[in-house]
Amino acid sequence: VRLARDLEAAIPANELRLVFQPIADTISLKIVAYEALLRWRHPSLGDIPPDIFVPIAESSGLIGAIGSWVIDEALRAASAWDPKVSLAMNLSPIQFRSVGLAAEICDAALRWDVDFERLELEVTESATLMGFQRDNVLATLEKLRKLGAKVVMDDFGTGHSSLGNLKEFTFDKIKIDRSFVATMNSHASSSSIVRATIGLGKSLGLIIVAEGVETEEQLSVLRRWGCDQVQGFLIGKPMDRFDLVGNGMVLV
Ligand code: G
Ligand code: G
Ligand code: MN
Ligand code: NA
């Protein structure tokens with residue numbers, strides 16, 4: 001209750017910010033996108049991880065306002081990047097309850113003059129599974145896809161029925177959850193899952209991203225298996241938008 005109340009004040013109090021984590025091409029290691037990740041610095045409790053406060057925002061109804069802030073702020077940042085670099089944003093399933101979500105993303109992209117082709121919308125499997133809003137999710141994602149945005153299945157492998165979702169929804173990209181990547185070199189089952197997911201994604205014509213890549217060894221295995229893109233501490237940590245300048249990505 002207390003955190004929910006504090007979270008309500010967080011936007012006006014400027015306690016929320018976005019950081020941006022690079023996603024690179026597996027072969028060239030050139031940065032192809034940044035994922036916007038939300039951070040909250042609580043005035044007395046310090047940094048609260050999104051795993052804690054995003055669910056609070058979802059259950060308290062604050063995710064609408066916070067999600068709108070994220071969309072605007074992320075597009076503002078992306079407007080200063082090399083236009084070849086895409087912007088990945090996380091969308092909560094709750095945000096799809098608003099019929100205005102597609103229009104909101106469109107407005108922000110137009111306002112900040114960012115091409116729709118540069119937008120990657122990350123949804124988790126649970127988002128696509130919730131029966132009562134399946135149609136909403138589908139309609140909204142299709143609208144945005146028609147305009148050129150890419151739809152990404154986030155945290156692949158951790159949801160309920162990954163394969164059913166892949167069949168029923170049109171995705172452009174799959175992100176293999178970092179829990180599989182982390183144990184790839186120690187658990188044969190993880191490495192089989194990663195390898196099979198890459199093969200499955202390729203046969204469906206999807207771009208495959210591995211998350212949580214921390215070691216050269218993981219990178220070289222992912223390269224060998226044909227994973228398209230990589231994200232993780234080896235490539236780069238989430239950074240403040242001003243620190244992206246050092247990466248040569250910021251134009252203005
Ligand atoms: O940045 P970090 O790895 O701590 O993020 C943890 C989780 O919080 C991730 O699963 C991510 O999807 C989620 N998250 C981060 N930023 C946002 C955001 O802007 N909106 C939503 N809905 N979830 C986010
Ligand atoms: O959207 P998603 O839930 O996947 O968010 C990615 C989260 O994973 C972010 O919170 C980010 O800080 C975290 N993360 C990114 N790269 C790494 C990594 O290489 N190792 C670990 N342990 N966490 C990572
Ligand atoms: Mn994500
Ligand atoms: Na993820």
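Which element gives the most to the shell around ligand 1? Helix H2 does, with three residues. The legends below describe close-up views of a predicted model.

**View 1. The shell around ligand 1.**
Ligand 1 is surrounded by Leu 37, Leu 38, Pro 49, Pro 50, Asp 51, Val 54, Val 70, Asn 90 and Ser 92. At least two residues of this shell come from strand S2 (31–42), and at least two come from helix H2 (50–60). By residue class, the shell around ligand 1 has six nonpolar, two polar and one charged.

**View 2. The shell around ligand 2.**
The shell around ligand 2 holds 13 residues, and the closest are Asn 90, Gly 212, Glu 214, Gly 232 and Phe 233. How do the residues of the shell around ligand 2 divide into nonpolar, polar and charged? Four are nonpolar, four are polar and five are charged. Asn 90 is listed here, and Asn 90 also belongs to the residues that surround ligand 1.

**View 3. The packing of helices H1 and H2.**
Two packed helices are described by the angle between their axes and the distance between the axes. For helix H1 (residues 2–10) and H2, the angle is about 90 degrees and the axes are 10 Å apart. H1 is therefore roughly perpendicular to H2, since angles of 65 to 115 degrees count as such. On the H1 side the contact is made by Leu 3, Ala 4 and Leu 7, which meet Phe 53, Ile 56, Ala 57 and Ser 60 of H2. The residues of this contact are six nonpolar and one polar, with no charged residue.

**View 4. The largest nonpolar core.**
The largest nonpolar core has 67 residues. The members that touch the most others are Ala 36, Ala 74, Leu 87, Met 89, Leu 121, Ile 176 and Ala 210. Helix H3 (residues 63–78) supplies the largest share of this core, with eight residues. Which residues does Ala 210 touch, not counting residues up to four places away in sequence? They are Ile 176, Val 181, Val 194, Leu 222, Cys 227 and Val 230.

**View 5. Asn 14, a residue with positive phi.**
Most residues other than glycine have a negative phi. Asn 14 is not a glycine, yet has a positive phi of about 60 degrees. Asn 14 is placed in the loop between H1 and strand S1 (16–25). Why does Asn 14 count as exposed? The reason is that Asn 14 has 8 C-beta neighbours inside 10 Å, and a residue with 12 or fewer is exposed.

**View 6. Leu 29, in the loop between S1 and S2.**
Leu 29 is found in the loop between S1 and S2. Its phi is near 60 degrees, a positive value in a residue other than glycine. Leu 29 counts as partly exposed because it has 13 C-beta neighbours inside 10 Å.

**View 7. Pro 12, in the loop between H1 and S1.**
Pro 12 is placed in the loop between H1 and S1. With 8 C-beta neighbours inside 10 Å, Pro 12 counts as exposed. Pro 12 and Val 151 are 139 residues apart in sequence, and their C-alpha atoms are 30 Å apart in space.

**View 8. Ala 77, in helix H3.**
The place of Ala 77 is in helix H3. Is Ala 77 buried or exposed, with 22 C-beta neighbours inside 10 Å? Ala 77 counts as buried, because 20 or more such neighbours make a residue buried. Leaving aside neighbours within four places in sequence, Ala 77 is in contact with Leu 18, Phe 20 and Arg 241. Ser 189 is 112 residues from Ala 77 along the chain, and the C-alpha atoms of the two are separated by 39 Å.

**View 9. His 187, in the loop between H8 and H9.**
His 187 lies in the loop between helix H8 (178–182) and helix H9 (188–203). His 187 counts as exposed, with 12 C-beta neighbours inside 10 Å. Between the C-alpha atoms of His 187 and Pro 43 the separation is 41 Å, and the two residues are 144 residues apart along the chain.

**View 10. Ser 220, in helix H10.**
Helix H10 (residues 216–224) contains Ser 220. Ser 220 is exposed, with 11 other C-beta atoms within 10 Å. Ser 220 and Leu 16 are 204 residues apart along the chain, with their C-alpha atoms separated by 36 Å.

Methods
Residues are numbered from 1 along each chain as its sequence is written. Chains are lettered from A and ligands numbered from 1 in the order in which they are written. This is a predicted model: local features need pLDDT of at least 70, side-chain atom pairs count only at pLDDT 80 or more; totals for chains, interfaces and linings use all residues. A residue is near a molecule or strand if its C-beta atom, placed from the backbone, lies within 6 Å of it. Helices (H or I, at least four residues) and strands (E, at least two) are DSSP runs, numbered from the N terminus. Ala, Val, Leu, Ile, Met, Phe, Trp, Tyr, Cys and Pro count as nonpolar, Asp, Glu, Lys and Arg as charged, and the others, Gly among them, as polar. Axes are lines fitted to C-alpha atoms, for helices over the stretch in contact, and angles run from 0 to 180 degrees between N-to-C directions. Angles under 35 degrees count as roughly parallel, over 145 as roughly antiparallel, 65 to 115 as roughly perpendicular and the rest as oblique. Two residues are in contact if their C-beta atoms, placed from the backbone, lie within 7 Å. A nonpolar core is a set of buried Ala, Val, Leu, Ile, Met, Phe, Trp, Tyr and Cys residues joined through C-beta atoms within 7 Å.
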